[in-house]
Amino acid sequence: MTKNEQRKKMILKLKKFSKNILQKNKADALLLEKLISTTSYQNAKVVATYLSTANEFNTNLFISQAIKDKKTVVIPKTYPKGKMIFVKYDKNHLQKTSFGLLEPTSDIEVKKSNIDFIHVPGVVFSPDGYRIGYGAGYFDRYLADYTGETISTIYPFQLQHFPKDSFDIPVKKLLQ
């Protein structure tokens, strides 16, 4: 099965799983507890995450907790030709992209070296941390020279084996 086929199949599974709101909310609450219990999170001043879709781990929970914990939260902003930066999160300054995702309106980049850890999205994950994302490659390019901690929160059924490409960058820790 190709990565694209695995991605499509998993997106359908995620949509089905997300329809059971109680089950998903319970899973998300557990994942949040695991995420904020990590040493990476505890020691971080600046945390990067993404604005989730309805079928992904609910990052709104994580963002709210990080703000309560007095951490600086940064989220991705994408540009043409695969460029991505992280910008300080401000719930009052978001706009929809052509993909229908919310992004910051600001272009003020937070330097990669100032980000303590990145909470990385994905669709399918291998046991050794490799991931199949949504296919645009933004995170793999960004992570190629990132030296900090990387963590993904996943539902157990997202764990699968797949062939890796030379440009794939694994996350350092999977929480499930």
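Trainee: How many salt bridges does a search of the whole structure find?

Mentor: Good place to begin! Keep in mind that this is a predicted model. The search of the whole structure finds seven salt bridges.

Trainee: Which residue forms a salt bridge with D165?

Mentor: That is K3, and the closest N and O atoms of the two are 2.9 Å apart. Now look at where the partners sit along the chain. D165 belongs to the loop between strand 9 (149-153) and strand 10, while K3 is in helix 1 (residues 3-19), so this pair links distant parts of the chain, 162 residues apart. K3 and D165 are also linked with D168 in a network of salt bridges.

Trainee: Is K3 buried or exposed?

Mentor: To read this, remember that buried means under 20% relative accessible area. K3 has 16%, so K3 is buried. D165, at 34%, is partly exposed.

Trainee: Which residue forms a salt bridge with K112?

Mentor: D145 does, with the closest N and O atoms 2.5 Å apart. K112 lies in the loop between strand 5 (102-104) and strand 6 (117-119), and D145 in the loop between helix 5 (138-143) and strand 9, 33 residues apart. K112 is partly exposed at 23%, whereas D145 counts as exposed at 53%.

Trainee: Let us turn to the sheet. In what order do the six strands stand?

Mentor: First, the general idea: strands of a sheet pair through backbone hydrogen bonds, either parallel or antiparallel. Here the six strands form an open sheet in the order 3-2-1-6-9-10, with mixed pairing. Strand 3 (84-88) and strand 10 (173-175) stand at the edges, and each has a single partner strand, so one side of each lacks a neighbour in the sheet. On average, neighbouring strands of this sheet are turned by 30° against each other, direction ignored.

Trainee: In what sense do strand 2 and strand 3 pair?

Mentor: Strand 2 (residues 72-78) pairs with strand 3 in the antiparallel sense, over five bridges.

Methods
Residues numbered from 1 in each chain as written. Predicted model: local features only at pLDDT ≥ 70, side-chain atom pairs only at ≥ 80, totals over all residues. Heavy atoms only, no water. Pairing = 2+ DSSP bridges. Helix = DSSP H or I, 4+ residues; strand = E, 2+ residues; numbered from the N terminus. Axes fitted to C-alpha atoms, helices over the stretch in contact; angles between N-to-C directions. Salt bridge = Lys/Arg side-chain N within 4 Å of Asp/Glu carboxyl O. Buried < 20%, exposed > 50% of the residue type's maximum accessible area, 1.4 Å probe, protein only.
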